[in-house]
Amino acid sequence: MGLALRDMQHHTYADYLAWPEDVRYELIDGIAYAMAPAPLRVHQELLLELASQTRNALEGRPCRPFIAPFDVRLPRADEAERDIDTVVQPDLVVVCDRAKLDERGCRGAPDWVVEILSPSTAGHDLIVKRRLYERVGVREYWLVHPVDRIVTVYHQQGGGFGAPDIYELKETLAVGILPEVVIDWERALQNVG
């Protein structure tokens with residue numbers, strides 16, 4: 001089942017900023033998708049552990065991690081802020097080009113994106129967001145499946161994602177584009193569930 005649409009109109013970042021804060025949306029190519037309700041505790045615990053390990057590994061380096069809610073604006077070209085029609089809030093992002101960061105979040109593709117799958121968002125993250133991240137040039141995209149205990153990893157190769165690599169959530173896994181970030185799955189999962 002897909003995420004609920006706000007309506008069938010084309011929206012921009014200007015619209016997005018005017019909506020009430022109590023209902024959150026992501027914009028993808030002008031379509032407003034309702035954000036799922038707050039994720040389960042397991043999702044939050046796993047996200048916090050991944051973010052903590054990432055932040056610690058990147059200490060003193062130019063790359064910066066951020067967790068949702070954190071607006072990632074993905075312009076098609078050099079359009080004005082108000083005209084951008086794609087704004088997403090991935091679970092975890094790492095941005096290495098500090099020029100992309102401003103007081104509202106990130107403008108442009110992050111280097112690494114992690115989505116932790118929930119039953120209500122899995123299809124959206126696997127299909128819609130994967131296509132989006134591929135198109136805008138995210139260098140590495142991880143889909144963490146906490147129930148199945150696997151992670152699906154996509155890497156940019158020649159202008160698109162190649163075939164994914166799939167790993168079990170055990171032992172450790174280094175981020176391909178940030179080899180200093182090594183996720184310890186045993187530690188990440190020990191208090192989850």
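In the predicted model, His 43 is located in helix H2, which spans residues 41–57. With a relative accessibility of 6%, His 43 falls below the 20% cut-off and is therefore classed as buried. When residues up to four places away in sequence are not counted, His 43 touches Asp 91, Ile 116 and Ser 118.

Helix H2 itself comprises 17 residues, and the distance from its first C-alpha to its last is 24 Å, close to the 24 Å expected at 1.5 Å a residue. Its buried residues are His 43, Leu 46, Leu 47, Glu 49, Leu 50, Ala 51, Gln 53, Thr 54 and Ala 57. Packing against these buried positions involves strand S3 (64–67), strand S6 (92–95), strand S9 (112–116), strand S10 (140–145) and strand S14 (178–184), together with helix H4 (185–189).

Glu 49 also belongs to helix H2. Its relative accessibility is 19%, under the 20% limit, so Glu 49 counts as buried. The side chain of Glu 49 forms a polar contact of 2.9 Å with the side chain of Arg 187. Apart from neighbours within four places in sequence, Glu 49 is in contact with Arg 187 and Ala 188.

The loop between strand S1 (25–28) and strand S2 (31–34) contains Gly 30. A relative accessible area of 1% places Gly 30 among buried residues. Beyond its neighbours within four places in sequence, Gly 30 is in contact with Gln 9, His 10, His 11 and Asp 85. Its C-alpha is 19 Å from that of Leu 126, a residue 96 positions away in sequence. Asp 29 is found in the loop between S1 and S2 and is partly exposed, at 27% relative accessibility.

Backbone geometry was examined next. Most residues other than glycine have a negative phi, and most peptide bonds are trans. Asp 29, although not a glycine, has a positive phi near 55°. A positive phi, of about 60°, is also present at Glu 171, likewise a residue other than glycine. Glu 171 lies in the loop between strand S12 (165–168) and strand S13 (172–175), and its relative accessible area of 56% makes it exposed. The peptide bond from Ala 68 to Pro 69 is cis, with omega near 0°; Pro 69 is situated in the loop between S3 and S4.

Arg 82 occupies the loop between strand S4 (72–73) and strand S5 (87–88). At 54% relative accessibility, Arg 82 is over the 50% threshold and is thus exposed. Although 69 residues separate Arg 82 and Tyr 13 along the chain, their C-alpha atoms are 5.0 Å apart. Not counting residues up to four places away in sequence, Arg 82 touches Thr 12, Tyr 13 and Ala 14.

The second largest pocket has a volume of about 310 Å³. Its lining consists of 13 residues, of which Tyr 16, Glu 21, Arg 24, Asp 71 and Gln 89 lie nearest the centre. By residue class, the lining comprises eight nonpolar, one polar and four charged residues.

Key: Residues are numbered from 1 along each chain as its sequence is written. This is a predicted model: local features need pLDDT of at least 70, side-chain atom pairs count only at pLDDT 80 or more; totals for chains, interfaces and linings use all residues. Side-chain values use heavy atoms; hydrogens and water are left out. Helices (H or I, at least four residues) and strands (E, at least two) are DSSP runs, numbered from the N terminus. Buried means under 20% relative accessible area, exposed over 50%, partly exposed in between (1.4 Å probe, protein chains only). Contact means heavy atoms within 4.5 Å. The expected span of a helix is 1.5 Å times one less than its number of residues. On a 1 Å grid over the protein atoms alone, a cavity is a set of points where a 1.4 Å probe fits but cannot get out, and a pocket is an open set with protein on both sides within 12 Å along at least five of seven lines; lining residues have an atom within 4 Å of a point. Grid points are joined across faces, edges and corners, and a volume is the space filled by probe spheres set on the points. Ala, Val, Leu, Ile, Met, Phe, Trp, Tyr, Cys and Pro count as nonpolar, Asp, Glu, Lys and Arg as charged, and the others, Gly among them, as polar. A polar contact is a pair of N or O atoms within 3.5 Å; within protein, one must be able to donate a hydrogen and the other to accept it, and residues adjacent in sequence count only if both atoms are side-chain atoms.
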